[in-house]
Amino acid sequence: YGAMGTEIARKSLAIKKQSFKIIVLDCDNTLWKGICGEVGALGVQVTEPFRKLQQFMLRKHDEGFLLAICSKNNREDVLEVFDNNPDMVLKQTHIVNWKISWDEKSDTIREISQELNIGLDSFIFVDDDALECSKMIEKCPEVLTLQLPDSDDQVPSFLSHVWAFDKVRVTAEDASRTLMYQQESKRKALKREEVSLESFLKGLELRVSMRLASEDDISRIAQLTQRTNQFNLSTIRRNEDEIALLLKDEKIDCFIVEVSDKFGDYGIIGVIILENTEETLFIDTLLMSCRIFGRNVEDIMLAGIRRYAQEIGRQRIEAVYVPT
């Protein structure tokens with residue numbers, strides 16, 4: 001009964017609180033056995049425990065976790081292992097951000113946070129080195145730091161017992177999350193080339209749509225209410241059952257916002273939940289994913305709410321902002 005209870009508790013927590021978004025991995029003696037700078041790309045060994053670790057991380061990637069590399073190494077040595085070692089399960093295409101240098105890992109993980117616009121409290125850091133883990137805990141306490149066991153054979157069991165990796169439902173956005181962030185890097189490159197925000201947005205060829213939600217959208221809407229922190233008017237968290245009930249309520253209108261541009265599709269990035277009274281349209285929920293920041297999409301969402309209020313004859317729009 002104990003094992004069954006633990007399984008139920010883990011699934012319940014994963015449904016209600018999916019707070020971790022990115023896994024940052026060391027390389028030498030974490031992804032493979034050996035030091036690539038000393039023995040070369042073909043000299044490091046992906047023994048069975050390390051293969052299982054990579055397979056585990058690949059599953060997490062497919063479930064929507066982002067994977068990043070933070071390694072004190074020469075960049076060319078690390079990339080050569082990914083490209084040329086035939087036993088590697090993880091490939092370059094699975095990695096969304098690379099930080100390979102001799103800088104402090106706590107500093108480089110902050111760089112990843114800024115570049116991807118993801119809060120440090122959404123990070124899981126995995127390393128075999130006790131000193132590096134201690135430094136990370138001291139300098140970046142928001143990050144969940146996991147030191148791998150000294151015995152390689154214990155690594156797969158260790159990973160299977162970390163609840164932070166649990167994920168019960170995978171949305172379409174989860175499955176393509178790494179691709180979306182890789183597309184975002186191309187957008188940032190375009191932004192660096194442009195001299196103004198206006199010219200940057202024009203070059204993106206941004207397309208925004210706002211539509212009433214359907215049952216197919218319930219999982220993604222619930223996920224966004226639970227995980228969106230930075231741009232979230234009321235920060236009301238809801239599960240799938242609660243969203244399903246809202247969709248059936250005649251006094252409630254639930255909209256989703258989808259965005260695409262010339263580099264690709266952002267997917268469902270916004271949720272608007274409106275409550276109708278005789279004269280007023282009340283904004284219960286207005287939230288937007290951090291990956292669409294800097295595109296003026298929030299202005300378009302507000303304009304969409306105003307247009308809808310006019311269409312249904314409401315003279316007033318109200319909202320309550322709850323600081324978090």
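A cavity is a set of grid points where a 1.4 Å probe fits but cannot get out. Keep that in mind as we look at this model, which is predicted.

Why roll a probe at all? A probe the size of a water molecule, rolled over the atoms, shows where empty space is left.

So, how many cavities of 30 Å³ or more are there? The count is 2. Take the second largest cavity. Its space is about 40 Å³. The lining splits into 3 nonpolar and 3 charged residues, with no polar ones.

Next, the largest nonpolar core. It has 34 residues. Trp32, Met57, Phe82 and Phe165 have the most contacts inside it. Several elements give two or more residues to this core, among them strand E1 (22-25), helix H3 (48-62) and helix H4 (75-84). Look at Trp32. Leaving aside neighbours within four places in sequence, Trp32 touches Cys27, Val44, Gln45, Val46, Phe50, Val78, Val81, Phe82 and Met88.

Last stop, helix H6, residues 130-139. Which residues of helix H6 are buried? They are Glu132, Cys133 and Met136. In general, an α-helix has 3.6 residues a turn, so residues three or four places apart point the same way. On the other side of H6, Leu131 and Glu138 are exposed. What covers the buried residues of H6? The cover includes E2, helix H5 (105-116), E4 and strand E5 (144-147).

Definitions and conventions
Residues are numbered from 1 along each chain as its sequence is written. This is a predicted model: local features need pLDDT of at least 70, side-chain atom pairs count only at pLDDT 80 or more; totals for chains, interfaces and linings use all residues. Side-chain values use heavy atoms; hydrogens and water are left out. On a 1 Å grid over the protein atoms alone, a cavity is a set of points where a 1.4 Å probe fits but cannot get out, and a pocket is an open set with protein on both sides within 12 Å along at least five of seven lines; lining residues have an atom within 4 Å of a point. Grid points are joined across faces, edges and corners, and a volume is the space filled by probe spheres set on the points. Ala, Val, Leu, Ile, Met, Phe, Trp, Tyr, Cys and Pro count as nonpolar, Asp, Glu, Lys and Arg as charged, and the others, Gly among them, as polar. A nonpolar core is a set of buried Ala, Val, Leu, Ile, Met, Phe, Trp, Tyr and Cys residues joined through side-chain atoms within 4.5 Å. Buried means under 20% relative accessible area, exposed over 50%, partly exposed in between (1.4 Å probe, protein chains only). Helices (H or I, at least four residues) and strands (E, at least two) are DSSP runs, numbered from the N terminus. Contact means heavy atoms within 4.5 Å.
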